[in-house]
Amino acid sequence: MIRTLAVHDEHWPTAQVFTIARGAKTEAHVLVAEITQAGVTGRGEAVPYPRFGETVAGALATVARVRPAIEAGASRGDLQDLLTAGAARNALDCALWDLEAKLTGEPAWRAAGRTRLDPVKTCFTLSLDTPEAMAEAARAASRRPVLKLKIGGPDDLGRVEAVRAAAPKTRLVVDANEALSFETLKRLAPEFARLGVMLIEQPLPSGADHVLEGYDSPVPLCADESLRTRLDLAACARRYAYLNIKLDKTGGLTEALALAAEAKALGLEIMVGCMVATSLSMAPALILAQGAAFADLDGPLLLARDREPGLVYEGSLIHPPPAGLWGQA
C-alpha cells in the first residue's frame with residue numbers, strides 16, 4: 001500500500017464580524033488534511049480550538065508528527081491511540097472516513113451504521129451585539145425555525161427580549177460561552193423561560209459548573225466547553241440535560257459517534273455543533289446530526305463564500321453532501 005498525506009491551512013473570510021463572549025473573528029482559519037491512496041484522496045477539515053489552547057501552527061506540527069504512521073496505513077482505530085482529541089485528530093479522522101468511502105464505494109453514513117442520510121434543519125447564529133443590532137439581525141432571519149443567540153454581557157436580558165420581539169414565532173437557543181456567573185444564571189433563567197427560550201448553552205465556565213448539580217433550571221442546560229470526549233460524560237450527565245458534540249472537540253467523527261451513543265444511553269439529548277468553517281467541516285457532522293434534538297451547523301452561512309462543491313442550504317435545511325464534497329465515491 002502506498003499512501004501519502006498532505007496538510008495545509010486555509011483562510012475563509014466571514015460575511016461579517018462574528019462575536020461571542022470570548023472575542024471576535026473576521027475569518028475562519030482552518031486545517032485541511034488530504035490522504036491519498038490508490039489514486040483517490042480523502043479530505044478532512046478542522047478548526048483548532050483557541051479555548052483549549054490549540055493553534056493552526058500547533059495542529060500542523062501535530063499532524064506532521066504522525067505522518068509516518070498515517071502513510072504506513074494507520075486506521076481510524078489506530079488514530080485514537082496516536083493522538084488526543086482536538087483539531088489535528090479531527091482532520092485526519094474525517095479524511096480517513098472520506099478515503100474509506102471512496103476506496104470501498106460504501107458511503108460514510110452507511111459505514112457509520114445509518115440506514116439513510118436525511119436533510120437536517122440547522123440553527124442560525126446571531127453574533128453578540130447590542131440589543132438593537134441583534135433585533136435587526138433577528139428580524140432579517142425571522143423565518144428561520146431556530147435562532148441561536150450569543151450572549152455574555154450586562155444587557156443579556158435586553159438582547160433576548162429584543163430578539164423575541166423581532167422574531168416572535170422563532171424557537172430560541174441562548175449560548176453564553178461560559179460568560180455567566182451562577183447568580184446571574186439563576187436570575188436570567190426564569191426570564192428566558194418567560195421569553196420561550198428552549199435551551200441555555202454553557203452558561204458557566206467549565207471549571208465552575210459543578211454548582212449546577214442539583215440546580216433545577218427552568219430552561220434546560222446544554223454542555224459545550226465542559227464536554228470534549230466520553231471522559232467528560234459522567235460529570236456532564238450530573239449537570240446538564242443536553243450535550244453539544246462538536247467534531248473539533250472530540251477529535252473526529254469516530255469518537256463523536258461513540259460519545260453520542262453513550263450519551264443517549266444515559267438519557268441525554270444531543271445538539272451537534274460546529275466552529276465557523278466550510279462545508280467540508282459540516283459534512284461529517286451531518287451523520288452525527290441524524291435524529292439529534294438540535295443541529296447547529298450553520299458555519300458556511302456565516303462565511304463570505306464557501307468551498308465548491310459545498311453543501312446546499314435551502315433556508316435552514318441542509319441537504320446531504322453532493323458528490324465531490326465528502327463521504328462518498
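Strand β2 supplies the largest share of the lining of the largest pocket, six residues. Helices and strands here are DSSP runs, numbered from the N terminus: a helix is a run of H or I of at least four residues, a strand a run of E of at least two. The model is predicted, so to speak of local features requires pLDDT of at least 70, side-chain atom pairs count only at pLDDT 80 or more, and totals for chains, interfaces and linings use all residues. Residues are numbered from 1 along each chain as its sequence is written, and side-chain values use heavy atoms, with hydrogens and water left out.

Rolling a probe the size of a water molecule over the atoms shows where empty space is left. The search is made on a 1 Å grid over the protein atoms alone; a pocket is an open set of points with protein on both sides within 12 Å along at least five of seven lines, while a cavity is a set of points where a 1.4 Å probe fits but cannot get out. A residue belongs to the lining if it has an atom within 4 Å of a point. Grid points are joined across faces, edges and corners, and a volume is the space filled by probe spheres set on the points.

The largest pocket holds about 530 Å³ of space. It is lined by 29 residues, and the closest to its centre are Phe18, Ile20, Lys25, Pro50 and Met275. Two or more lining residues come from each of β1 (3-20), β2 (23-37) and β6 (146-150). Sorted by class, the lining has 13 nonpolar, five polar and 11 charged residues. In this sorting, Ala, Val, Leu, Ile, Met, Phe, Trp, Tyr, Cys and Pro count as nonpolar, Asp, Glu, Lys and Arg as charged, and the others, Gly among them, as polar.

The second largest pocket has a volume of about 430 Å³. Of its 20 lining residues, Gln16, Thr125, Leu126, Ser127 and Ala137 are the closest to the centre. The elements that give two or more residues are β1, β5 (124-126) and α5, and β1 gives the most, with six. This lining divides into 13 nonpolar, five polar and two charged residues.

How many cavities of 30 Å³ or more does the structure hold? There is one, and the volume of the largest cavity is about 110 Å³. Its lining has 15 residues, of which Asn90, Leu247, Asp248, Cys274 and Ser281 are the closest to the centre. At least two lining residues come from each of α3 (87-104), α9 (247-250) and α11 (279-288). Helix α11 gives the most, five residues. By class, nine of the lining residues are nonpolar, three polar and three charged.

Next come the helix contacts. Helix α5 (residues 131-140) packs against helix α6 (residues 156-166) at an angle of about 30 degrees, with the axes 8 Å apart. Axes are lines fitted to C-alpha atoms, for helices over the stretch in contact, and angles run from 0 to 180 degrees between N-to-C directions. The angle makes α5 roughly parallel to α6; angles under 35 degrees count as roughly parallel, over 145 as roughly antiparallel, 65 to 115 as roughly perpendicular and the rest as oblique. On the α5 side the contact (heavy atoms within 4.5 Å) is made by Pro131, Met134, Ala135, Ala138 and Arg139, and on the α6 side by Gly158, Arg159, Ala162, Val163 and Ala166. Seven of these residues are nonpolar, one is polar and two are charged.

Helix α6 also meets helix α7 (residues 182-194): their axes come within 11 Å and cross at roughly 5 degrees. The two helices are therefore roughly parallel to each other. Asp156, Leu157, Val160 and Glu161 of α6 touch Leu188, Glu191, Phe192 and Arg194 of α7. This contact has four nonpolar, no polar and four charged residues.

Two places in loops remain. Most residues other than glycine have a negative phi, and most peptide bonds are trans. Asparagine 177, in the loop between β7 (171-175) and α7, has a positive phi, near 50 degrees. Glutamate 308 and proline 309 are joined by a cis peptide bond, with omega about -10 degrees. Proline 309 lies in the loop between β12 (294-295) and β13 (313-314).
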